[in-house]
Amino acid sequence: MPSDSLRSGLTPPDSAPTTRTVAPLHALWRPGVGMAMWVEGDTADLPAPLRDALTGRRFRSDIPVIDDAGHRQFVRAATLGVASAVAVLDASRSVPVCGDVRWYRYLLDGVRTFVASGAVAPSVMQIAGEWLLRWVAIPTPSWRSWHAVAVGSAPDALLHNGSDAALDDFIAELVDHESRAALGRSTARLGQPRPASPVVRALLPGTDSGAPCSPERLAAAAGGWSRWNSGAPRDDRSLILRLHEPEYDDLAESQWDDAWDDDSFGMPTRAEVAADARWRLQVCRRSIDGQVEPVAPHRLDAHELDELTTALATAVREFPELGRADPDRGSLDFLLPTEVAEELFTTGAAALGAAGIPVLLPRTIAEVRPGLTLRALAPPGGGAPAAMVGLREIREFEWRLALGDSTDAITLTDADLDELSGQKGDLVRVRGVWVRAEGAALSRAAAFVTAQRALASSEPPADFGELFGLVTGQSDKLPVPVTRVEGLSWLDDVADGGSLRPEPVTPPAVLEADLRPYQQRGLDWLVHLSTLGVGGVLADDMGLGKTLQVIALECHERTVAGADLDGAESGGAESDGAESDAAAKPGPTLVVCPMSLVGNWAREFARFAPTLRVAIHHGPSRSAGAAFTAIRDAADVIVTTFAIAARDHEMLSVRPWHRIVVDEAQHVKNVNTIAAKAIRSIPAARRLALTGTPVENRLEDLRAVIDLVNPGLLGSASVFRARYAEPIERDRDPAALRRLSAITRPFILRREKTDPAIAADLPEKADFAVRANLTVEQAALYRAIIDELMVALRDKQQRTLRRRNVLAALTRLKQVCNHPAHYLADGTELVRDGEHRSGKVELLADIVSTVADEGDRALVFTQFAAFGELLSAWLSEQFGTQIPLLHGGLGRTERDRLVADFQSESGPPLMLATLKAGGTGLNLTAANHVVHVDRWWNPAVEDQATDRAYRIGQNQKVSVYRFVCVGTIEERIDDMIAKKRELSRLTVAAGENWVSDLADDELFELFRLRDEAVSE
């Protein structure tokens, strides 16, 4: 739209001359004649562009004009056709001209916009009985609106000298001329058009618009084009809403006080000003050239105003929060409070968009993902934090808040936090810029940092468990994630990559073994943990060399300490030798393990590290008092058992140990046992747990092992159960499993035999499910037990003994499945009159005899020592040699002898062992067949037993046989074990106790004997 200056009247030529800054050229369109142009004065006074455009024109026509006073005067003008008029109007763009010329130029620009958008069409019209072919504008709402504004706001001088009809005629001429001109310009790109129809040719530039054919044909064309024009799609004039930021000056801090010089009210804070701000939701429509323009209500006709208000009513219905907006008296815009603007960002824009009302949000609003930074405080006295620190040195830190997680993200200052403290919601103003963080994350994070800084001055530092939970993002306290950790040493690595980054170490020269690649990585990891003073869990599968990796660690530390001492002495340092030795040489390590493994530890140290001084603290003649102190001072490693650690707890706790190594750490998973409490309270600088089964029955097992080496890391038992155990065990929640993995991953190193890097070092393993049938005798006993149990369950007087009765029946059913003599304990023979009384024993005899005939050896596991004794006696008779039984009642010396005999070349063809006594810690690679005669509820226990033979050092294919009596409780146990293995190796059932909680009908279905159970 031209400005109000365009409404100036026409100046007659005889007016008194005045100082002018514009070219003295005037124009007036005369319908049927053309554009009349005249100059006040001489044409030589015109600027060069206009003078050139009017060269050759003769100003010889006297035309009447009416001035501002209403007087008619005559001016001498030149008359131009539409093409020449357009050329002069274009030439006037570079020079100042009068208002009438600018107004005609405005009409030209508007027409060109519609032509460029394609809003024109051919037409046939009859004027004074003459047929003409012309281009006309399609009467879309946009055209009608523009035309109404153009005519309605024309300068009075033009209306007085022509009327609306003159403007309509000029606009129509411009549409036809510009359409033809556009076609002419397109020939360079599209080529010269050559239409066959004379009607179409008459629409091209440079052609006569007169009738090119018969009136009948023109009438037909007129009707067709009219119908086509009327069906043209409406242009896009739908409602568009555009949001603008609040408008107020962003004053510097030094100017803030001066801006509020009225003492009659208190000076507002920046937060208060931001809270009272109003966001303008501007009502807009799209112009013909595609631009989004604000709506001016006074320039809309009644039809358009009705359409627009209907659309606004739809907007309020789809996004009711608009009803809370303040009105703007000068427009249809909505003035939104900040909380309504937040809703617009969150849900309103999507809801309005779904209703066909686009919302344009300001690009200046930065979408931020705030991140917390943990930064180490400078040590007292100045300086930088240590490059490598342990648990005790990472307690002092501070919180910082950044607008993003990149290294160049803006870190907020205390002033920024103060500004944020009074703002709530997603949209907040920081440093004069509006930013948005979903869920009010920025406001909540600022409040968190402010609160943490306040607590830091009044409360003790966070413990390690709390700090590590914050670093890994697993703490419930965090409003936003921790994205950076600075100056907290190894915690930086954990925060960055989720795990530790150990540096490779050179295998110690005194270690008489070649470490496999995965064992070398284990040594690197153990050395790194030791350097940090952090506890760890080495949870490699059974048989992958956990003992060897610990021995390598001990050798490394004592080799490095010795090298440091040599370096100090060669450097000529003058110091007390004893003090230097105490400072550099590690103290002794205490290894706590089951009694069955004491001998194995002693043999492994003697084999792989003969230079280390190893002492055994076990047996009734073990040292005490001063004698033990002397042994401790002279030893590098002392090996003891769980039971002795509990009995001699006071003596073992007199001085801190360099390290405590707890082998088969799953044995102290019950934190309430005497042994578990004793081991946890023995002071040590470092703690290391070894276990092939960090989870046996429940996730609480994992918490107990982690808590043994890093107390408090996973919280209390109740917190752990609510946060991890129940969601994973009950609901199999993958998110909870990810959280647990994130917080435990740095402290657990677990490699499995199925790992590609390890599988190449192990022989092939084959698993076989051997299904046995019950004999008639077994079936009869089985049914009798079930009948007896059902009677007991129906007896109300025995309700209090229900759990005991169920568990007792379960044990008896397993015994019956093994052999009637096992259940009856009557001393009868396993085989009667040449007939087997048990399907299992018959299959076992067949397997072990085949193994012996082929020159192989077998391990046979049972959970019942009594059944093992029955098998040992009978098999010894069958093979003509003593078949040993390894059970918990044997002393260490006898156990070591049995193992050594079996491993020797002349050893027996098979060995019997109970799961408890022979299932862990032993190296029995002489056997390449493993038989599980009866099944235990926990697959991890069976796998540990199998790993006595299937381990590093085994060179033969290992065959594993698992016996199951079909149609019995054992078959249901086998199904349950298969399901346990599916749960990512995390066992969810708590041993056998769950059986006693079943209803009576469920118990019967579990225990009952199927038809397929009996072979006869």
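Residues are termed buried at under 20% relative accessible area, exposed at over 50%, and partly exposed in between (1.4 Å probe, protein chains only). The model is predicted, so that local features need pLDDT of at least 70 and side-chain atom pairs count only at pLDDT 80 or more, whereas totals for chains, interfaces and linings use all residues. Residues are numbered from 1 along each chain as its sequence is written, and side-chain values use heavy atoms, with hydrogens and water left out.

Side chains of opposite charge can pair when their charged atoms come close. In total, 29 salt bridges (a side-chain nitrogen of Lys or Arg within 4 Å of a carboxyl oxygen of Asp or Glu) are present in the structure. One of them joins the side chains of D90 and R93, with an N to O distance of 3.1 Å. D90 counts as partly exposed because its relative accessibility is 27%, and R93 is likewise partly exposed, at 37%.

A salt bridge also connects D176 with R134, whose closest N and O atoms are 3.4 Å apart. Because D176 lies in helix α6 (residues 164-190) and R134 in strand β6 (residues 130-137), this pair ties together parts that are 42 residues apart in sequence. Helices (H or I, at least four residues) and strands (E, at least two) are DSSP runs, numbered from the N terminus. D176 and R134 are both buried.

The side chains of E970 and K840 form a further salt bridge, at 2.5 Å from N to O. Distant parts of the chain are linked by this pair, with E970 in helix α37 (residues 969-982) and K840 in helix α32 (residues 839-853), 130 residues apart. Both E970 and K840 are buried.
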